[in-house]
Structure formats: structure tokens, C-alpha cells
Amino acid sequence: MIRIIALCVAATLATLLAVTSVTAESHYFARDTLNAGLGKAPDRIDRTTPRATVESLILMAEAGDWTSAAHLLDLDAIPQDLQPRQGTELAAMLKSVLDRKVVLDWDQLVDRPDGLDVMQSSSAATAGMPRRSLLIWELNARDLPASIRLDRIKPADGDPVWVFSRRTVVKIQPLFSEYGPSQFEKYLPERLRKEAIWGVMWWELFGLPLLVALAALVGWSVRRGVSLIYRNVSTQILSSVIRAAATPIVIAAVTTVIMWGTSTVFVFSGRLDAILSPLVAIGFVTALLMLIVKTMEELLDHFVGFDNVDLTSRQEAENRDKATKVAAIRRVLVLAVFLIGVGVVLSSANVFRSLGFSILASAGALTLVLGFAARKVLGNIMASLQIAMNQSARVGDRVVYKDHLCHVERINFTYVQLRDWDGIRLVVPVEEFVSETFQNWTLKEPEMLRILKFKLDPRVDVDALREAFEDILDTLDAEQLDDRDKASVKVTGQDALGIEVWFAVPCVDPNTSWDIACEAREKLVRRMSEMENDSNVVFPDATPAEAA
């Protein structure tokens, strides 16, 4: 029995030791040797944590001690006899690439030997886990991805240390060839290649304005060239396409100059590149998306344009539907293109990391900030699409909005443009427009009754008024009147001042009904004045205070 218990305890201890060994070994990469061709690492470098290794590289570079800096690289893929010479060269190249293309995130470079990030969110995949490999940055070397990574390696005769990984060392030469100093920079005096402010060299302070001026000159030249071509084109559709492509072509030309300058002539340092690289990506994407949107809009205007059509006319009901649907298609197209463009820019330019927003973006806080800031704009866009879907107000419809008699001229992304009867334009936010109650005289059946209301003396001859009203209708434009049987004269109320009489004018078109009603009112007042002179019992006898 004792023997069985002893065997169980021994087995349990063996299992625990095995698990502990596997767990410990999973925190580093075990090697027989590390950089055997370099000899013993000097005490002046610190490789115990990821941050210490990067700091040591910076300090050795400032001191010009590339021999010590070579110990910060994993050179085991290089023959031992070549490690001393190639190690110093590769360390210098790596430092140059870091300066020019990488903005170090010191929060990500953990200052712990096990690489565990105690500040990491609990929802992260590596939360609470020791690390044996840490990604610093990603670049493209000859159109292939290249990672700059730190690995924790334990040689058989030493403690675990953090060094730049073997795969990173293999990629240093291609990265330096692509992102290292340009031929232009090599010919500059040594004084201009020293740091000025904020990690920016002196020559960059002069080179950036020159590059911007060159890009502006190219943009101006391209604009003049496109204008010259546009003036010499006789075909309407081709001229429309050229007009639509003018601005995108200028943006693409300016962006091309900046991209060429930053990749061949002026290879700027990491801090400037962190701004210029996203701007280049944004420029190209913006030019392409603007070209798509503007070309589509010009083609839509050319083939289904309504500029020369009076959409307020009663006969244009079908065109009002088409114009509203075309406007909706434009808004959906612009919104889709904008979202695609934002996605492409954020994914290709690595904007969040290059601008130092990695923590903010990973936590989702930036999304909340942008969503809160854009809530009004997004609300108006959705309301604009809502109008297009339910057709509650179409382009060309006659509406009464807050006592304004208007035509709907445009339904844009964020506002509705209304044209008042006197020619004044009202610009109303879409969200406000759809949340208010408004009258649409054109919706469904265009026929309508315009009611003329008069306060008259109770002794007035209503039958005489009916005859006078019929005579007045005979003098109006018959094409603008609906079925005459709908016309009526009714006494709708009374009070101490007199009776209220309503005259119903049947109109066939809401767009001309206001003018017809005004004409009928004018003639009714004239006729009532004549009746007043004859019988003296038409208008009530009231003081201004009583009338008010």
C-alpha cells in the first residue's frame, strides 16, 4: 500500500515537473548557441527585456559602437566567420530603417523579461500570457511583407535574451535597399544629415517645402492642361467626363509627385513618413473615388438629367419620381464609395499605428468619438435616404413647410433645398424636415381645393354670392380648374362679428393653384365691394379692435 502511494506521488511530481518545464520553455526559443561568431556580449548592452534591447540599439548607434550593436541581432543564419563584419553592417542598416519608416510605440515595447503586457485589455488574445516573440512593425520589402520582430532566445550556456529575430535579420538588406538613404541624401554635407528637432534632420526641413512646391507646380500645370483639352472638345458627353475627371487628375498628379519624391529623392525619417504615407494613400484613394463619383454623376445628368424640365408641372409626375430616385442613387453611391475609401485608407496606410493611435483604436474609443461627432451628419444621411425610399417628398413637389409655400428643389445628403413662392431658398436639415409635419400638395392626387375664407355680415345674400362666384370661375383659366361641380360656397361658422363663408376653388394643378386662388380672391373682393355699395350689408361693421 505504501509502495502504491509512493508511486502515485512520484508520478504526480514528475507530471508537474514536466508541465513546468514545458511552460517555462514555451516562454523562449531554446538554442545551443547564439551569435557564436561574435564572442561574449559586452556588459554595456542590455537584452533582458524588449524595451531594453531597442534602447541599447539606439544608445550604441549614438555612440557609433556597431560591434556591440551586432549582439542585439540573431545572426545564427550567417556563418560564424562572417558574423562580426556582417553583424555591424546589418545593425547600422536596421537602425537606419527604424529611423526612416518606424514610429516606435514604447508602450508596446514591454519592459519585462517575460514580455507580458500588464496593461493589455482582458479581451485581447494574448492577455495575461508571457511572450517569446513581439512584433514591432510591418513593412513591405520588394512588394513582400517584412516584419520587424523581437524574439526571446535562450542559449544552452546562458540566460534568455531579447534580440531582433532571425527572419528580421534576413529582411534587413532588402528593407535598407528600399528605405535607406537616397542618392540625393548621400551627396549632402554631413551637417545637414544631423538631427534638427523632433527626430527630423536638417535637410528634411528644407526638402519638404521644396517637395510641396514642386507638387503644387505640377498640379497647376496639369489643371491648365486639362482645361486646354476641355476647351477643344466638341462632344458634350466627352466634355462632361473631362470636367468630372479634372479635379481627380490634379489630386492624382500631386500625390504621384509626393510619392515619387518620398521614395526616391527625399526618403524622410519615420516621424515625417508617418504623416506623408497616409496622406499619399488618402490622395490616391480620394482621386479614384472622386473620379468614380463625378463621372457617374455627369453620366446620370447627361442621360437622365432634368435640368431643362419643369418638374413642378402637373404633367411631370413620372419625372419627379425619376429625379428623386436618381438623387437617392447618387447619395447611396457617394456613401458607399466614401465607406470603401475609408476602409482602404485605414487598411493600406496603417493610419492608426503610424499616427500613434493603436491603443485608442484597439479599445474602440476612437470609433465612439467619431460616431458621437458624426451623429448629426449620419442622422441627416439616413433621413435623406428615408425620404428617397418612402417618397414623402419628391424633387418638384409643392409643399407647405412651416407656413412657407415651396417647391422641393433638391434633396441632398444633409439638407433639403426648398424654393419659396417668392424665389427665396430655404435650406432645411433633412432630419428636421422629416421630423416636422408638412403638407405635400402633389402627393398622390394632384387635384385640390383652395379655400378662400371671408368674414361677412350675417344679412349678406349668400345666393347672390354663389352666383357671383360662378361668374368669377367662368373668367378664370379653364385649364387650371378641376371639375366645376367641386366648387362650392358654404357658411361654416358664425360669431358676434358675423358669419364665416368659405369659397372652394377646384384646382387641377397644385403648382398653379396658389395663383388661381389669388386671382379668384381679388375678383371676389371686387365683386363684394360692389355689392357693399348697393346693399351696404356685405362686410361686418366692426372696429379694428373687435376684428383683432
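1. In this predicted model, Lys 402 is partly exposed, its relative accessible area being 44%. That value falls between the 20% limit for buried and the 50% limit for exposed, which is why the intermediate class applies. Lys 402 sits in the loop that joins strand 7 (398-401) to strand 8 (404-411). Although Lys 402 is not a glycine, its phi is positive, at about 50°.

2. Asn 35 also calls for a look at its backbone: phi is near 55°, a positive value in a residue other than glycine. Asn 35 belongs to the loop between strand 1 (29-31) and helix 2 (50-63). Is Asn 35 buried or exposed? With a relative accessible area of 2%, Asn 35 is buried, since the class covers values under 20%.

3. Asp 65 is placed in the loop between helix 2 and helix 3 (66-69). Its relative accessibility is 15%, so Asp 65 counts as buried. Which residues does Asp 65 contact once its neighbours within four places in sequence are left aside? They are Arg 44 and Met 60.

4. The packing of helix 16 (residues 462-475) against helix 17 can be described by their axes, which come within 10 Å and cross at roughly 140°. The two helices are therefore oblique to each other; an angle has to be over 145 degrees to count as roughly antiparallel. The crossing of helix 16 and helix 17 is right-handed.

5. On the side of helix 16, the contact with helix 17 is made by Ala 464, Leu 465, Ala 468, Phe 469, Asp 471, Ile 472 and Thr 475. Helix 17 contributes Ala 520, Lys 523, Leu 524, Arg 527, Met 528 and Met 531. By class, the residues of this contact divide into nine nonpolar, one polar and three charged.

6. Ser 529 lies in helix 17, which spans residues 510-535. Ser 529 has 30% relative accessibility and so counts as partly exposed. How far apart are the C-alpha atoms of Ser 529 and Phe 539? The separation is 8.5 Å, for two residues that stand ten residues apart along the chain.

7. For checking against the model, the points on the backbone are the positive phi values of Asn 35 and Lys 402.

Definitions and conventions: Residues are numbered from 1 along each chain as its sequence is written. This is a predicted model: local features need pLDDT of at least 70, side-chain atom pairs count only at pLDDT 80 or more; totals for chains, interfaces and linings use all residues. Side-chain values use heavy atoms; hydrogens and water are left out. Helices (H or I, at least four residues) and strands (E, at least two) are DSSP runs, numbered from the N terminus. Buried means under 20% relative accessible area, exposed over 50%, partly exposed in between (1.4 Å probe, protein chains only). Axes are lines fitted to C-alpha atoms, for helices over the stretch in contact, and angles run from 0 to 180 degrees between N-to-C directions. Angles under 35 degrees count as roughly parallel, over 145 as roughly antiparallel, 65 to 115 as roughly perpendicular and the rest as oblique. A crossing is left-handed if the near helix is turned anticlockwise from the far one by less than a right angle, and right-handed if clockwise. Contact means heavy atoms within 4.5 Å. Ala, Val, Leu, Ile, Met, Phe, Trp, Tyr, Cys and Pro count as nonpolar, Asp, Glu, Lys and Arg as charged, and the others, Gly among them, as polar.
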